[in-house]
Amino acid sequence: MDVLRISDDQHQWLRALSSETLFATEAAFQHFVEDVAESLVVPNHIFRILSEREAKEEENKLPIHQGVAALSSLFMEAAKRNSATDAVGLYLQAIDVADSRAKVITNIYTARRADLRKVLSTVGFGFPQITDVDWRLDWTIKSNELPRINEPVYRVKLETLATNGGLGSLAFSLSVEELQELVWSLKNAIKTVERHAQA
Amino acid sequence: MAVFVLDTQHQAQLLTLQAVDPDTAWEFCKVALQLFRGGPQPRMIEKAAKKLDWPPEKLQTTLEAIMALFKEAVKAEIQPEDLQASLTSAGLQSHYAVLLVAAFGESRQEIQTLLQDTTFDTARLKAFDWRFEVEIASRTIHSEIKPHFLLRLELGKQAASSVHLLQMDIPTLIHVTEELESALQDVKSTHAKKMMRHAK
C-alpha cells in the first residue's frame, strides 16, 4: 500500500515549527505555510518570510529553512497520493506536531491540493508536443529535371514544444492525395478517441 | 510527334541488353527502377552480375542506360509509338524495343513522381502512424487520467529518411485536423482553380 511518509529528520523539523520564538502569532505561521505552498505552485516565487527575517534573526534561519523543506515534502508527498485532509491530519498528530499548527497545515493543504497535483502532473517526460500547425498550398510549375510539372503541393509545418521547453518545428510536403489520406486517418483517430471517452 | 534521341554512349549500352533473353531483360528493367527509387546497390548488382557471368560494371552501365532512357522519355513526354520507333532506329531489335516500351509504360508515373522529388524541396511525408494512450500514473503523481495522442512521422527525400515521434492532446488533435481539412478545401476554391488554369 502506498502510505504517506516523510523522513524522521523532517518530522523533527515540523515539530520545531511549533516554537513561539519562530512564529509569535498564529497569523505569522499561517503566512509562512501559505508562502511555502505558493512557492511550490508558482514559478520564480520569492519567499516573503525569509527576506523579512534576513536582517534580524540569524539564529532562526536554519529552523525556518528546515521547516520549508519539511512542509514542501509533506505537501508534495500528500498531493502525489491525493491524500485526504484527515489522513494528513492524522499523520501530523502521529508525529507529534502541535494541534494548532497541524490545523493550519491541513487547511492550506486542502485549499491547494488541486494546484499541487496540477504542478506534479506537468513534471515528467514525453515526446515533443505539437502546439500548432501552419500550411501552404503551392503550385509546382517546373524544375530543371522536368519541363512541365503543374502539380499542387502542400507544405505543412508543425510547431513543437519539447519537454525541456525548447520550441521547434517540423516541415514537410505532401501531394493532395497524401493530405487527404492524412486527414482521413486523423478523423478516424478522433472518432476512436471519442468512442473511448464515452465508454 | 516528339523526336527522341538518346546519346550514343547510352545507345550502345542499351544494345548490350540483346545479349540476354527477353525475360532477363525484363528483370533488368525492374532492377533499374529499383535503383531509381533507392539509389545505388553495389552488392545486389555484384550478385546478379555473377549469375550472368558478366563483370559488374557491364551490368551497372546497362542498368544506367535503361534508367537514362526512362528518364529522358518522361522528360520528353513521349508517346509509346514514338519511343518504339526511336529505339528500333537506334538499332534495337523489335521485340526488345517492345519490351522496353512496355516496362516504361508501367513505371512512367512512378518515375515522374521520383523526378519531382529530386528537386530541392522540403522532406516529403513518407509514412505516418498514430496511437492513443492514457497515462494512469507517473513518478510524481500516482493516479491520474491523462490522454495522449502519439504520432509517428517518417520524413525523407528519396532513400534518406528520419523518424519523428510527437504527441498532442485531444483538443490540439482536433484543431490540427480542422486546419488540414480546411487546407484541402482550399485546393478546390475558385482562386486555386484560376491559378492552375493560368499556369497551364
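Biologist: What pattern does chain A follow when it is read along the sequence?

Modeller: In this predicted model, chain A follows the pattern α-α-α-α-α-α-β-β-β-α along its sequence. That gives chain A seven helices and three strands, and of its 199 residues 40% count as buried.

Biologist: Why is A:Phe32 called buried?

Modeller: The word buried is kept for a relative accessible area under 20%, and A:Phe32 has a relative accessible area of 0%, so A:Phe32 is buried. The residue sits in helix H2 of chain A, which covers residues 26-41. A:Phe32 and A:Gly67 are 35 residues apart in sequence, while their C-alpha atoms are 9.4 Å apart in space.

Biologist: Which residues of H4(A) are buried?

Modeller: Among the buried residues of H4(A) are A:Gly67 itself, together with A:Ile64, A:Val68, A:Leu71, A:Leu74, A:Phe75 and A:Ala78. As a general point, an α-helix has 3.6 residues a turn, so residues three or four places apart point the same way.

Biologist: Why does B:Val163 count as partly exposed?

Modeller: Partly exposed lies between the cut-offs of 20% for buried and 50% for exposed, and B:Val163 has a relative accessibility of 45%, so B:Val163 counts as partly exposed. Its place is in strand E3 of chain B, residues 160-168.

Biologist: What makes a patch of A:Phe127, B:Val163 and B:Leu165?

Modeller: A patch takes residues with over 30% relative accessible area and no salt bridge, and nonpolar side chains are joined within 5 Å. A:Phe127, B:Val163 and B:Leu165 form such a nonpolar patch on the surface, with about 230 Å² of accessible area together.

Biologist: What volume does the second largest pocket have, and which residues are the closest to its centre?

Modeller: The volume of the second largest pocket is about 620 Å³. Of the 25 residues that line this pocket, A:Phe125, B:Glu135, B:Lys146, B:His148 and B:Gln167 are the closest to its centre. Helix H6 (99-122) of chain A and strands E1 (124-135), E2 (146-157) and E3 of chain B each give two or more residues to the lining, and the largest share, four residues, comes from E2(B).

Note on methods. Residues numbered from 1 in each chain as written. Chains lettered and ligands numbered in written order. Predicted model: local features only at pLDDT ≥ 70, side-chain atom pairs only at ≥ 80, totals over all residues. Heavy atoms only, no water. Patch = residues over 30% accessible without salt bridge, like charges linked within 9 Å, V, L, I, M, F, W, Y side chains within 5 Å. Areas by Shrake-Rupley, 256 points an atom, 1.4 Å probe, with all protein chains shown as cover. Salt bridge = Lys/Arg side-chain N within 4 Å of Asp/Glu carboxyl O. Buried < 20%, exposed > 50% of the residue type's maximum accessible area, 1.4 Å probe, protein only. 1 Å grid on protein atoms, 1.4 Å probe; cavity = no way out; pocket = protein on both sides within 12 Å on 5 of 7 lines; lining within 4 Å. Points joined across faces, edges and corners; volume = space filled by probe spheres on them.
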